[in-house]
Every structure is written in C-alpha cells, then in structure tokens.
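My comments follow as numbered points, with the cut-offs given where each term comes up.

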Amino acid sequence: MTTLADSDDLPAAPSRARRLGRILRRHRSLTIGGAMVLLLVLAGLLAPLLATHDPTQQSLATALRPPSAEHFFGTDQYGRDLYSRIVYGARLSLLEIVLGVGIALVVGIPLGLLAGYSGGRVDQVIIWFMDILFAFPGIVLSILIVSILGTSLVNLMIGIAIFSIPVYGRLSRNLALALKQVEYTEAARALGAGLWRILFQHILRNALGPIIVQATLTAGTVVLTAASLSFLGLGAQPPTPEWGAMMSDGRNFLGVNIWLSLFPGLAITFSVLGFNLFGDGLRDLLDPRR
Amino acid sequence: MKAYLTRKLVALPLILLGVSFLIFGAVRMLPGDPARIMAGPQATQDAVDGMRTRLGLDQPFLVQYGLFLSNAAQGDFGESIKSKKPVIDEVSERFPYTLSLAVVSYAAAILIGVAAGMLAAVYRNAWPDQAVMIAAIGGASVANFWLALMMMNLLAVRWKWLPLLGAGSWQNYVMPSIALGLLPAALIARMTRSSMLEVIGQDYIRTARAKGLGPRVIYRKHALRNALIPIVTIVGLNFGGLLGGAVVTESVFNWPGIGRLLVDAVRYRDYPIIQGVTLLTVTSVVVVNFLADLLIAAINPRIRFD
C-alpha cells in the first residue's frame, strides 16, 4: 500500500516560468497591455536604431508625402520623416511619464503616508491641501501653471505632476490608515522605530501594490494630457518631435494630408490604451476581489 | 449621513478659499510689477497706477487677497487686457456655448453609455459584452483632439457632411460633442455594467424571477433605477474632466466657449482672464461635485463616503 507521500505521480510544484505563463494566459488585458507598454519602452530606448531618418532633417523637396517604402508614415510639411519622428516621440513620452508620475510620487506619497499615520491636525491640513489641488481639472491647473512658468515641456510636466499629487496623496493616506493598526507596525513602534522608518519600511512596502496600479493608470493620463497641451501650443515647442505638437502641424493640413495627424494620434492612443489595459490587468491580478 | 453632510458643508468654503488663494498667489508669483502685469504691456503709466490702487498693492499681502476676494464676490474680476471688456462679461458671453456643448455631449454619452452597459451586463461574457468592453476601454484611451482631427478630415473636409468650424447651427454640435462625449460614454458604460451585474445577483431579482416576471420587466424596472447611480457619479464627479476636455475640444473646433477663451488668454498673457476663468471654472466644479455627492447619498443611502 502506498501513501500519498511515496507516490511520485503527484504534480511537481509549478515552476516560476509556468506560473507566469498561467498568469499571462488568464489575465489577457495584463498581457496585451504589458506587451504594448514594453513596445513603447523599447521604441523609446532604441529610437536611434529604429529610426530610418534623422527626425529633424528637413528636405523641402519631399514635403507632405504619403506613406511609402522610403517613408513608412510619409513626411511632414518640412519633409521630415514622420515614422522617425514618432519613434523619437516615444522617448519624450517616456520622459513625460518619468517626470510627471515621478514628481507626483515623490511628493504625494510621503505627504499621504504622514497624513494617514499621524491623523489629527496634520491629517486635516494635508487633506485640505490635497482637496484644493484635486478641485482643479487637470488641464486647467496645468494651463494655469504653464501660464505662470512659461510654455515649455518641462514646465508642462511640473504642472501635470502637481495635479497628480493628490491622486497618490489620497491613496497612500488611505493605505497608511489601514496599515497603521496592523501588528507589525505596532511591533515596530514598540521597538522604538522612528516615524519615517515606520512609514517607509513597514507601511509603504506593504502598500506598494495599489500604488503601482495607480501609477500605471496615471501614466496614460500623463501622456494624454501632455499631448493635449502640446497640441494647443502650451507644451513642447517645434521642432521637438512630441506627438501632440506634431498633430498641431496636421491641423494646418486638413483635407490635404491626413497622415500628419493620423499617425501621431495612433501613437498616443496606443500608449494610453497600453497603460490602461496594463493597469486594469495589474489591479485584477493584485486585487482579485474586484 | 448627517455627519457626512456637515463635514462636506464645512469643507466646501475651506476648499474654495484655498483654491482662490492659489489662483491669486499664482499670478503674484510672476516676476515683475503685478500692476503692470494685470494692466497689460501696452497700458499707460496712468492705467498702471490705477491698477496699483485697484489691487491695493500698497497694502499688506493678506489685505490684497481680501480685496481680490471681495471684488470676486461682487463679480468684479477686472478687465481683459486684450478686449478691454470686463472679465465677467467675456465669461458670461461664452459660458452658454460651453454649457450647451456639455449638455449635448453628456446627453449623448448617457444614452449610449447606459444602453451599452446594460447590453454588456445582460449578455455577460458573451460577444456583446466583450464588444462593449473593448469599445469602452478604447473610448477611454482615444485622444479627443485626435478623434476631432480625424472627423474634421473626413466628415467635414473630404465628404463635406458637416461644417468644419464654429457654432452656428445644430450640425456644428455633432463633431465636438462626439469628441467630448466619448470618454464619459465609455466610463458610464463600464459603471452601468458593473452596477447591473451587482444587482442581477441580488435576492430580490431572484424573487422577481420566481414570481414569474419576464427578464424584460426585471431589467427595465430594476436596471433603470440602478443605472442612476453611475450616471450621477460620472456626470457629477467628472464635470471637471469634461470642462478640461472642453478646453481642448473648443480650441480644435473654434468653439466660442470659455475653454478657448482660456487658451487664447494664455497665448496673449491676458492674466485677468486667466485668473477669472480658472476661478470660475474651479468654483463650478467644486459646487457640482458637492451636489453630486449629496445626490448620490440621497439615491443610495448605503453608500458611505469614508
């Protein structure tokens, strides 16, 4: 008679790779979104290798050409290769995300953790500050900030970061409120750990999941807002190959050349969709209750 | 519920106070003489001196802010540098255009979003559901100014079905309201679907079914009531998003609303307009959000807002 323990037809514990494979198959939006985000990152990093032309090289003889074997997406009014400009534009989008999401994280998370953990007056003041920023429509706050600091992509990113602060502030406040009472936090407090050590070592570590999900979803918003305002002439300035700024060129050739607005817009939509799908998928993965 | 309302009521003026201080302070952060900035680069010395008295620049900072608040409360936001007209007149001339565009966009978004969300919930996991959900996440990801340009290229310039720019007739509403309504439609569809799915599993639906009511009656009766919550939530809490979207959409279509007024003002460094439009926009967003919160609490007392 064999016992369960001797039996060797029990399935082995699934390997890490197989487990990953199963997750990817089960969470389709995570897989598709992840692939799209990866493609965007690769395009940005490998732009000099992927581009077929210099993105700022003008050639008036070949202006406003439709897509061809020589120019995959056609050329703009200065004869610049649209495909190469879009590939380089991916770099700017990555930069926008790093700046826009990064600054918001660095400012919003400590504020939120401090508010949730401290409670009382500190909490009230920080929440008040967050509510004030949150009252502004993102685009309107960015426009206000750009009108003060001047129109440039960096100033626009500062504006976008500022309107994203309350998103992370509120989220990390709620997480800190929940994690404040758990045993390991109380243990750390009893052992005499300092405030910031508790906040970052014990609370933030365990709150990372929801923050990453939020950051992924916000990345799409950042790309979209930056492109919108660059399109209006309030962000990246020519000849920067920013997708939104490129589309404002397309606006001048309505009915003459649709490619000029089609391809940069597709690139924006592709990136935003990728981050939205990836963020949705991550949320399902990390929080199966929803 | 009462405690929640009281807290909201106390927070409302505090937030408005903070918002106005931020907007007031932002313009004061500009390098240079605030009187010159608010009077415009072409203003005469007399006009600049007049502006200095008006802004109370010889008074302490907080007194200046108090003056700004009391003027704003009386509808006095100064004069546009560009048009020389009072800011409040500029805004009230243009606000109806923004409002009517918002109403048309929201109405279309609600009709389409609720219908699509219900369809998805009824056919859960079957192809209509998948189609709606794909369309919804796509709709939430499309850049509205890109959609606008594509429509202008094809519907207005190439096929000449619709007028390209302006706000003269009902045809002018078609493209801007599609561009502006797509995002709320997508959000409403997703929320309607999930709130419907929640309801379908409830006991009282099973009871209704056991009583022999047909699916059509069940969905219509219970769904309509439950669709209200996502509509109020999206319309109320996303009002700011809609105004933000209007800034871009109005600029693309040359729509004479306050969004375009704001963008033009930034180009012209027309700070009185920038100050007035942002203050009025944010105030309306705060008030609409507050009303939406109340309405949501009234429709569904089970929702807690902590």
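Is the crossing of helix 4 of chain A and helix 7 of chain A left-handed or right-handed? Point 1 has the answer, after two sentences on conventions. This is a predicted model, in which local features need pLDDT of at least 70 and side-chain atom pairs count only at pLDDT 80 or more, while totals for chains, interfaces and linings use all residues. Residues are numbered from 1 along each chain as its sequence is written, with chains lettered from A and ligands numbered from 1 in the order in which they are written.

1. **A helix pair within chain A.** The crossing of helix 4 of chain A and helix 7 of chain A is right-handed. On the convention used, a crossing is right-handed if the near helix is turned clockwise from the far one by less than a right angle, and left-handed if anticlockwise. Helix 4 (residues 82-118) and helix 7 (residues 153-179) of chain A have axes that come within 6 Å and cross at roughly 35 degrees. Axes here are lines fitted to C-alpha atoms, for helices over the stretch in contact, and angles run from 0 to 180 degrees between N-to-C directions. Helices themselves are DSSP runs (H or I, at least four residues), as strands are (E, at least two), numbered from the N terminus. The contact of helix 4 with helix 7 of chain A has 22 nonpolar, eight polar and three charged residues. In that classification Ala, Val, Leu, Ile, Met, Phe, Trp, Tyr, Cys and Pro are nonpolar, Asp, Glu, Lys and Arg are charged, and the others, Gly among them, are polar.

2. **The interface between the chains.** Here 36 residues of chain A are in contact with 40 residues of chain B; contact is defined as C-beta atoms, placed from the backbone, lying within 7 Å. On the side of chain A that touches chain B, helix 5 (120-135), helix 6, helix 9 (195-231), helix 10 (243-250) and helix 11 (259-286) of chain A each supply at least two residues. Helix 11 of chain A gives the most to that side, with nine residues. By class, the side of chain A that touches chain B divides into 24 nonpolar, ten polar and two charged residues.

3. Helix 6 (residues 138-149) of chain A packs with helix 11 (residues 239-253) of chain B at an angle of about 60 degrees, their axes 7 Å apart. These two helices are therefore oblique to each other, given that angles under 35 degrees count as roughly parallel, over 145 as roughly antiparallel, 65 to 115 as roughly perpendicular and the rest as oblique. Helix 6 of chain A makes the contact through A:G138, A:I139 and A:V140, and helix 11 of chain B through B:L243, B:G244, B:V247 and B:V248. Those residues divide into five nonpolar, two polar and no charged.

4. **Chain B overall.** Chain B has 13 helices and zero strands. The C-alpha trace of chain B spans about 80 × 60 × 30 Å along its principal axes. Of the 306 residues in chain B, 40% count as buried; the scale is buried for 20 or more other C-beta atoms within 10 Å of a residue's own, exposed for 12 or fewer and partly exposed in between, with C-beta atoms placed from the backbone. Among contacts in chain B between residues at least 6 apart in sequence, 71% join residues at least 24 apart.

5. **The core.** The largest nonpolar core has 159 residues, of which B:A148 and B:L262 touch the most other members. Such a core is a set of buried Ala, Val, Leu, Ile, Met, Phe, Trp, Tyr and Cys residues joined through C-beta atoms within 7 Å. Not counting residues up to four places away in sequence, B:A148 touches B:M175, B:A179, B:T249, B:V252 and B:F253.

6. **Backbone details to look at.** Which peptide bond is cis? The bond from A:P238 to A:P239 is, with omega near 5 degrees, and A:P239 sits in the loop between helix 9 and helix 10 of chain A. In chain B, B:K84 is not a glycine, yet has a positive phi of about 65 degrees. B:K84 belongs to the loop between helix 4 (61-73) and helix 5 (87-122) of chain B and is exposed, with 8 other C-beta atoms within 10 Å. B:R269, also not a glycine, has a positive phi of about 55 degrees. B:R269 lies in the loop between helix 12 (258-268) and helix 13 (271-299) of chain B and counts as partly exposed, with 15 C-beta neighbours inside 10 Å.

Conventions: Two residues are in contact if their C-beta atoms, placed from the backbone, lie within 7 Å.
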